[in-house]
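Please look through the structure below, which the following paragraphs take up one region at a time.

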Amino acid sequence: MLCERCHERAATVHVTKIVNGEKTGYHLCEQCAKEQGEIMHPFISGNAFDFNKLLSGLLNMESSSGFAPAQTTQLRCSSCGMTYNQFTQLGRFGCPDCYESFSSRLEPLLRRIQTGNSHTGKVPVKSGHTIAQQRQLEMLRRELQQAVVDENFERAAELRDQIRALEQGADE
Amino acid sequence: MSLSDFLQRAMSRWMRDGGPDDDIVLTSRIRVARNVQGYPFPILQTDSHASDVIEMVGKAIEAAPVKELGQYELIRCRDLSALDRQVLVEKHLISPDLAEQEKHGAVVLRDDELVSIMVNEEDHIRIQCILPGMRLDDAWKLATSIDDALENKLVYAFHEKYGYLTACPTNVGTGIRASVMMHLPGLVLSGSINRLLSAVSQVGLAVRGIYGEGSESFGNLFQVSNQITLGETEEEIIGNLQSVVYQLIEHERNARQQLLQRNRTQLEDRVSRSFGILAYARRMDSRETLERLSDVRLGIDLGIIQGVSAGILKELMVTTQPAFLQKYFSRELSASERDVRRAALIRERLRLDDTEVHG
C-alpha cells in the first residue's frame, strides 16, 4: 500500500480517528506521518508496539481520575523500596512483595488487563502445600475462637490439638 | 565446512522437523515465567542477587528430576560473544532482551534445543519449549514437567490469590504465554487477513507479524498468542488459543484452494518467479528473502514446486539472518556484503535439493 499523501513510499502508519462518533482512516508513510504530526502517538514512536508505554498509560490514566495523587505517591514497597510512582513509570514490579505493598491499587489494574483477579491454574507443589496448610490453620483457628465463645470446651480442646499437630508438621 | 554439515550442527530441532499441520503452523511455543521467593526481580537485582539466582538454577538442573528430562547446559551471557548471543536470538531460543543482559543473564539449553530456560531476563526464570507443528499440548506437558522438576530445588514466589508472581502484572497468575507461529499466505493474498486478525484480537489473543515492524508483516508469518494469564487455568488458556488456531488453519486452507481454482496461472507465475529469484539472484535483502520463501513454501504446499524440502522456509528464515550468515562465513559482514552472501547461501541450499517446477 502506498502512502496516501506522497504516493511514493510504502504506507507504514495507519491512522484511525474517531471524532464525534465518526470514524475516518488513512494510511501514510512514516515521513509524511511525521510531517502531519500524526506520529505523536506514543505507540508509533520507537520500533515496535511498546507494551510498557501502554501499561504506564493505563496506570497514569487511572491516577489522574479519582484517587488523590498524594495518596499514591507515598505508597512504597517495604521490601525492595520501589514506589508506586516508579512502578507506573516502569510497568514492572521490583520484587514479589510489591504485589502486597500495592494491593490497594492492583485490583483495578488487574481488572483492566486480565479476565479475573484470582489465580485458578497450577499451584507449585512445595509452596502450594504450605499455602493449603495455612488456609487450613486459619480456618481451624477461627473455629477455635468460635468454640471458646460458645463455651464448647471439648470441641476447643480437639481443635487446639489439631492446630498443634499441623504447626509441628509444618516445622519439620 | 560444507553447508549441509553446518546446517546439521547449527539447526535446532524445531527448524528441521515437521509436525501436525505444519503446512500452516511452523511452531508451537509455551513460555512459563517463574521467580524465586525472597529475591528482587531482575530489574532491581544486584550482581550478587543475579549470581545467586544463576547458581540456584544451575543446581536445580543438576538434580535428578531435571536430568531425567534431557541433557542441559547452563551458559552465562558474559561467556558468549555478542554474535553467538545474536544467533540464539535468531534461533528463537533467547529474547533480544536477554541477549543484552550481558552481566546478569544466563541461559539453559537442552541439547536438542527444544527447551531453553532464560535466567534473569524480565523474570528470574522463563522456561520455553518450542516444538515444530501444531503441538501446543505437548509443549505444555514438556514445560510443566520441567517446571515441576526445577521446583524441587527452588522455592517459587507464589501468592495464594494472584498465583505465580511476575515482574510485570501482564504475566501474573499462570505466567504462561502460549504462542503459535503461522504461515498465512492464502489469507494475505485473498485480502481477508485483517478481518480475521481483528476478530482474533477480540477474544483475548494477540496477533503480530514475526518479522517487520508494527502491523506490517514480512513473509506472511504471524504469531498468535494469549494475552490473559490470570483468571483462567493453563488448560483453558491453551484450549482457547488452540480452537482459534484450528479455525485459522481451516480458513487458510480454504483460501489456498480458492486461489488455486480461481487464479491458478497467476499463482503458478508468482510462485515460480519467486523460486527463480531465490535460485539465481546474486543479492537478496532479508525482507525479499522472506517474501520469496513464503511464495515458494506455498508452491510446495500446493504441489506447484516439487523436490524442495518443505522445511526450507523455517530453515532459511533463520539461517539467512545477519548473525547466522556471519557465523557461516565466519567473518563480520556489512549489510551489503550480507545481501550478497545471503543470495549465495540460498542458491547453495537449493542445490542440495533435487528440484522440479511444474507448470
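Strand 9 (residues 205–209) of chain B and strand 10 of chain B pair in the antiparallel sense over five bridges, where strands are DSSP runs of E with at least two residues, helices are runs of H or I with at least four, both numbered from the N terminus, and two strands pair if DSSP finds at least two bridges between them. The model is a predicted one, in which local features need pLDDT of at least 70 and side-chain atom pairs count only at pLDDT 80 or more, while totals for chains, interfaces and linings use all residues. Residues are numbered from 1 along each chain as its sequence is written, chains are lettered from A and ligands numbered from 1 in the order in which they are written, and side-chain values use heavy atoms, with hydrogens and water left out.

Strand 10 itself spans residues 221–226 of chain B, and six of its six residues are buried, buried meaning under 20% relative accessible area, exposed over 50%, and partly exposed in between (1.4 Å probe, protein chains only). In a regular strand the side chains alternate between the two faces of the sheet. In strand 10 of chain B both faces are covered, with Leu221(B), Gln223(B) and Ser225(B) buried on one side and Phe222(B), Val224(B) and Asn226(B) buried on the other.

Chain A has eight helices and two strands, and from the N terminus its elements run β-β-α-α-α-α-α-α-α-α. Of its 172 residues, 33% are buried.

How much area is buried between chain B and chain A? The value is about 3500 Å², with 58% coming from carbon and sulfur atoms; buried area is the accessible area (1.4 Å probe) that two parts lose on being put together, summed over both. On the side of chain B, Glu160(B), Tyr162(B) and Pro169(B) lose the most area to chain A, together 18% of what that side buries. The contact (heavy atoms within 4.5 Å) takes 48 residues from chain B and 39 residues from chain A.

Four salt bridges are counted between chain B and chain A, each a side-chain nitrogen of Lys or Arg within 4 Å of a carboxyl oxygen of Asp or Glu. One of them joins the side chains of Lys122(A) and Asp148(B), at 2.9 Å from N to O. The elements that give two or more residues to the side of chain B that touches chain A are helix 7 (136–151), strand 6 (158–159) and strand 7 (163–164) of chain B, and helix 7 of chain B gives the most, with five residues.

Two residues remain, and both concern the backbone angle phi. Most residues other than glycine have a negative phi. Glu151(A), however, has a positive phi of about 60° although it is not a glycine, and its place is in the loop between helix 7 (125–149) and helix 8 (153–171) of chain A. Asn120(B) likewise has a positive phi, near 60°, and lies in the loop between strand 4 (115–119) and strand 5 (125–132) of chain B.
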